Amino acid sequence: MGEAEMYSVMEHIIERGQKSQRELRRRRLQVYQRELFICAVALLIGINIFGLMMMNVFAKESSIFGAEPRYTSIRIENGDSLWSIADRYAASSPMDTSEYVQELKRMNQLTDDTIHVGHYLTVVYYPE
């Protein structure tokens, strides 16, 4: 075998090696792209499932409290106190009487429990 033939054979072997390396790189890229696609789809499915779960949680949460709160103004009558008013309106709310009294004070900007007959008080209620 002559020198030229040896170079030809070597070039052929090198060419085949380069082709197989290119093919190997191409296959690795395809596998990587496929894995990336599968991860992206799994992530999207996970986000959708999480979103649905959160929607269910919020739906249940709003059903716990019933309807949205409503506000009205009442005239304070003789014998009324923040606690008696709270007893009347807290029954339909998610608050206990003590929390409701604090809410009344906050809404009406009261610094203590003193209210006066004939004045008006804003109250919150939850229609059923």
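1. This is a predicted model. Glutamine 109 comes after H3 and has a positive phi, near 55 degrees. At the start of H3, a side-chain oxygen of aspartate 96 lies within 3.2 Å of the backbone nitrogen of serine 98.

2. The buried residues of H3 are Tyr100, Val101, Glu103, Leu104, Lys105 and Met107.

3. Lysine 105 belongs to helix H3, which spans residues 97–107. The residue has 14% relative accessibility and therefore counts as buried, the cut-off being under 20%. Its side chain forms a polar contact of 3.1 Å with the side chain of aspartate 113. Leaving aside residues up to four places away in sequence, lysine 105 touches Leu82, Leu110, Thr111, Asp112 and Asp113.

4. Two packed helices are described by the angle between their axes and the distance between the axes. For helix H2 (residues 82–90) and H3, the angle is about 115 degrees and the axes are 9 Å apart. H2 and H3 are therefore roughly perpendicular to each other, and their crossing is right-handed.

5. On the H2 side, the residues in contact are Leu82, Trp83, Ile85, Ala86, Asp87, Tyr89 and Ala90. H3 contributes Thr97, Ser98, Tyr100, Val101, Leu104 and Lys105. Classified by type, this contact of H2 with H3 comprises nine nonpolar, two polar and two charged residues.

How values were computed: Residues are numbered from 1 along each chain as its sequence is written. This is a predicted model: local features need pLDDT of at least 70, side-chain atom pairs count only at pLDDT 80 or more; totals for chains, interfaces and linings use all residues. Side-chain values use heavy atoms; hydrogens and water are left out. Helices (H or I, at least four residues) and strands (E, at least two) are DSSP runs, numbered from the N terminus. Buried means under 20% relative accessible area, exposed over 50%, partly exposed in between (1.4 Å probe, protein chains only). A polar contact is a pair of N or O atoms within 3.5 Å; within protein, one must be able to donate a hydrogen and the other to accept it, and residues adjacent in sequence count only if both atoms are side-chain atoms. Contact means heavy atoms within 4.5 Å. Axes are lines fitted to C-alpha atoms, for helices over the stretch in contact, and angles run from 0 to 180 degrees between N-to-C directions. Angles under 35 degrees count as roughly parallel, over 145 as roughly antiparallel, 65 to 115 as roughly perpendicular and the rest as oblique. A crossing is left-handed if the near helix is turned anticlockwise from the far one by less than a right angle, and right-handed if clockwise. Ala, Val, Leu, Ile, Met, Phe, Trp, Tyr, Cys and Pro count as nonpolar, Asp, Glu, Lys and Arg as charged, and the others, Gly among them, as polar.
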